[in-house]
Amino acid sequence: MNSKSSILISQVWLTEPRAIFKDMLEVSVEYCRLLNPDSYIILSGMGDSPTTKTLDMCDSVCWEDEITEAAGNGFPKMITRGLNCAKEEGFNKVFKFRGDAIILQENVCDVCNDVLKEENKELLITQETTRNDHWIGDMVLHGDVDFLLKIFNTDTWIYNCSGNYALGQNFIQTTGYNFITDWTEFLRGMCSFRDIPFFKWLDIRENHEQLTLFKTNLEYLRENKKLDPEFDYPKYFWGEKQ
């Protein structure tokens, strides 16, 4: 593989009561593999083992058998393991997303790198970043691996709160935000922002009843090397059912 880009699939925890998430993860990883054939895919998670097919589609796997982090706090240790793996493999930038999502944007790392280069920004952010509460959405991010490691620093992470808030606080410490400048204007100076349709970011979690449909479209993608034009994917965008 002639890989110049790294994708981290994380915020994944598999348990027996959440058995359907194992199937979701496999679907997510296969879309990622097919749409990013030259990217180095890292899977970082915990709990029950993913399927053999899922593991075989990844280039590196950082997995803990025990559930060591609680849901809702951003999984900074899990994400840091994946980021460290990317750094050790020699990657400078990482695109990160959750394992219960599908990203249909082809060659997503190249597309995101173009945005950061054109706008001369540190980080590409998206939804759940707030105007007033100093939150930064942690579900989809793209940026320099060293910068991402700083904002996911587990030593300074605030636990027992939303992961978006904790990430925002680490971002503030990393960038030296002074609470005088308007938060939104500060983010605009540091970050590029793109909405969910830019990434073609689908929510499997809230559309798990559509797994058969997602798999059918995977078959089309495998056979035709492109997305089915009849696949009405925008109706499954993240947030449509929330």
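**View 1. Helix H6 and its surroundings.** Helix H6, covering residues 163-175, has 13 residues and reaches 18 Å from its first C-alpha to its last, close to the 18 Å expected at 1.5 Å a residue, where the expected span is 1.5 Å times one less than the number of residues. The model is predicted, with local features needing pLDDT of at least 70 and side-chain atom pairs pLDDT 80 or more, while totals for chains, interfaces and linings use all residues. Residues are numbered from 1 along each chain as its sequence is written, and side-chain values use heavy atoms, with hydrogens and water left out.

View 2. At the start of H6, a side-chain oxygen of Ser-162 comes to within 3.1 Å of the backbone nitrogen of Asn-164. Just after the helix, Gly-176 adopts a positive phi of about 75°.

**View 3. H6 against H7.** The two helices pack at an angle of about 70°, with their axes (lines fitted to C-alpha atoms over the stretch in contact) 13 Å apart. This makes H6 roughly perpendicular to H7, a term for angles of 65 to 115 degrees. Phe-171, Ile-172 and Thr-175 of H6 make the contact (heavy atoms within 4.5 Å) with Trp-183, Phe-186, Leu-187 and Met-190 of H7.

**View 4. Helix H3.** The buried residues of H3 (residues 76-88) include Met-78, Ile-79 and Leu-83, and they pack against strands S1, S2, S3 and S4 and against H5. H3 is followed by Gly-90, whose positive phi is near 95°.

Definitions and conventions: Helix = DSSP H or I, 4+ residues; strand = E, 2+ residues; numbered from the N terminus. Polar contact = N/O pair within 3.5 Å; in protein donor to acceptor, adjacent residues only side chain to side chain. Axes fitted to C-alpha atoms, helices over the stretch in contact; angles between N-to-C directions. Parallel < 35°, antiparallel > 145°, perpendicular 65-115°, else oblique. Buried < 20%, exposed > 50% of the residue type's maximum accessible area, 1.4 Å probe, protein only.
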